[in-house]
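Let's take a friendly walk through a protein model. Have a look at the picture first, and then we will go through it together.

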Amino acid sequence: METLKTFIEDREGNFAMLASIVSVPILFAVGLSIDYANISRVKSELQQAIDSAALAVAREGDQITQAQANAIAANFMRENFHSPHDAPIVTISGSDVLVHANAVLPMNFGGLFGVPTTTISADATTTISYANYEIALAL
């Protein structure tokens, strides 16, 4: 009984015990922050690729077929976004062009929490412009 009382009252080495208890949640938090930063980076890259694909489709005007629009969007996605992704979905409604795409991103530390991958989505909408502009620079 005296040994137990001495053990409970002893304050030497308590930093090591506290550090070992707190280190696991800190490591999980660091891992999740790395995953979050990676998700944010890929989301930004996907959005930029979708924006360029929507502008490329809209640039062709209203006489474009659905197959041509899908091919242009897929080409711009392939050249501007290098992570694995689904084929972009192009919807042309009147003068509006909507492009949507998904990308599946593997998680570095999310697998420890039962989330091995995450799906990232992006949309872009643009309007076909029927006006032609001529710009000249006069010196």
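## A pair one turn apart

Start with glutamate 45 and arginine 41 in helix α2, which spans residues 14-59. These two residues sit four places apart in that helix, so about one helical turn separates them. Their side chains meet in a salt bridge, with an N to O distance of 3.1 Å. Keep in mind that this is a predicted model.

The structure holds two salt bridges. Besides the pair above, arginine 59 forms a salt bridge with glutamate 60, and their closest N and O atoms are 3.5 Å apart.

How accessible are arginine 59 and glutamate 60? Arginine 59 reaches 59% relative accessibility, which is over the 50% cut-off for exposed residues. Glutamate 60, at 41%, counts as partly exposed.

## Inside the nonpolar core

Now turn to the inside of the model. The largest nonpolar core has 25 residues, and within it Leu46 and Ile50 touch the most other members. The biggest share comes from α2, with nine residues. More generally, nonpolar side chains tend to be buried together in soluble globular proteins.

Which residues does isoleucine 50 touch, leaving aside those up to four places away in sequence? Its contacts are Met77, Val99, His100, Ala101, Ala122, Asp123 and Ala124.

## The whole chain

Finally, step back and view the overall layout. The protein chain has three helices and three strands, and from the N terminus on they run α-α-α-β-β-β. The radius of gyration is 27 Å, well over the 14 Å that the globule rule gives for 139 residues, so the chain is more spread out than a compact globule. Along the principal axes, the C-alpha atoms fill a box of roughly 95 × 45 × 25 Å.

How much of the chain is buried? Buried residues make up 24% of the 139 residues. The accessible surface comes to about 9,800 Å², and carbon and sulfur atoms account for 61% of that area. Among contacts with a separation of 6 or more, 56% join residues 24 or more positions apart.

Methods. Residues are numbered from 1 along each chain as its sequence is written. This is a predicted model: local features need pLDDT of at least 70, side-chain atom pairs count only at pLDDT 80 or more; totals for chains, interfaces and linings use all residues. Side-chain values use heavy atoms; hydrogens and water are left out. A salt bridge is a side-chain nitrogen of Lys or Arg within 4 Å of a carboxyl oxygen of Asp or Glu. Buried means under 20% relative accessible area, exposed over 50%, partly exposed in between (1.4 Å probe, protein chains only). A nonpolar core is a set of buried Ala, Val, Leu, Ile, Met, Phe, Trp, Tyr and Cys residues joined through side-chain atoms within 4.5 Å. Contact means heavy atoms within 4.5 Å. The radius of gyration is taken over C-alpha atoms; the globule rule is 2.2 Å times the number of residues to the power 0.38. Accessible areas come from the Shrake-Rupley method with a 1.4 Å probe; for residues, only the protein chains shown count as cover.
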